[in-house]
Amino acid sequence: MKILDDKQIVEQLAQGNQEAFKALFKKYYKVLNVAAFYILRDEMEAEDTVQALLMDFWEKQLYKNINSSLNAYLKTAIRNRCLKRVEKETSVQKKLTDYQYTLSEIEEEIEEVQEIYTGKILADLSVQRLQAVTLVHYQNKKYKQAAYEMGISINSLKTHLKLAIKILREGLKNAK
């Protein structure tokens, strides 16, 4: 295959010559990869972008749009494609960040509502049941110690806890 200059490549592409496309590919592939890598900072993404450009150049007959030099056209085209990719990636990252921020806000609101609702259910418990739950579950006291502080037997404490937990479960179930 003889070496063609840019003008000859474009002329032969217009005639549908696949050898001209091979010459174009051989002449510009590495140069365009370097230009794409410079913008994208990812070797695979740069190669994909260059290959897509060259395939579009052939299949969509973009060579018919060349008014100046082939070199300038290809370098501008790869630069624009890379910048679009970067812009799209930036947009996706921004949306992902916004989504994560919104998700964390929603989770915080759910926790607040659950705390408020649990607090209302706890307020509806009798004094002894509330005290039993507080001593055992919030202050992490042993049954024996909690029963002693309340002045009741361990079995009575267990009964108060069982009934309080049953009321809490029913209240939370009804909240859903």
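A nonpolar core is taken here as a set of buried Ala, Val, Leu, Ile, Met, Phe, Trp, Tyr and Cys residues that are joined through side-chain atoms within 4.5 Å. In this predicted model, the largest such core comprises 26 residues, and those with the most contacts inside it are L13, L24, L32, F57, L70 and L74. At least two residues of this core are supplied by each of the helices α1 (6-14), α2 (18-40), α3 (43-59) and α4 (70-123), with α2 providing the largest share, nine residues. When residues up to four places away in sequence are not counted, F57 touches L13, L24, L62, Y63, I66, L70, Y73 and L74. In soluble globular proteins, nonpolar side chains tend to be buried together.

Helix α5, formed by the twelve residues 127-138, reaches 15 Å from its first C-alpha to its last, a span close to the 16 Å expected at 1.5 Å a residue. Following α5 is N140, whose phi is positive, near 55°.

A further residue considered is D56, which lies in helix α3. D56 is classed as buried because its relative accessible area of 17% falls under the 20% cut-off. With neighbours within four places in sequence left aside, the residues in contact with D56 are Q61, L62 and R81; L62 is also one of the residues touched by F57.

Notes: Residues numbered from 1 in each chain as written. Predicted model: local features only at pLDDT ≥ 70, side-chain atom pairs only at ≥ 80, totals over all residues. Heavy atoms only, no water. Buried < 20%, exposed > 50% of the residue type's maximum accessible area, 1.4 Å probe, protein only. Helix = DSSP H or I, 4+ residues; strand = E, 2+ residues; numbered from the N terminus. Contact = heavy atoms within 4.5 Å. Expected span 1.5 Å × (residues − 1).
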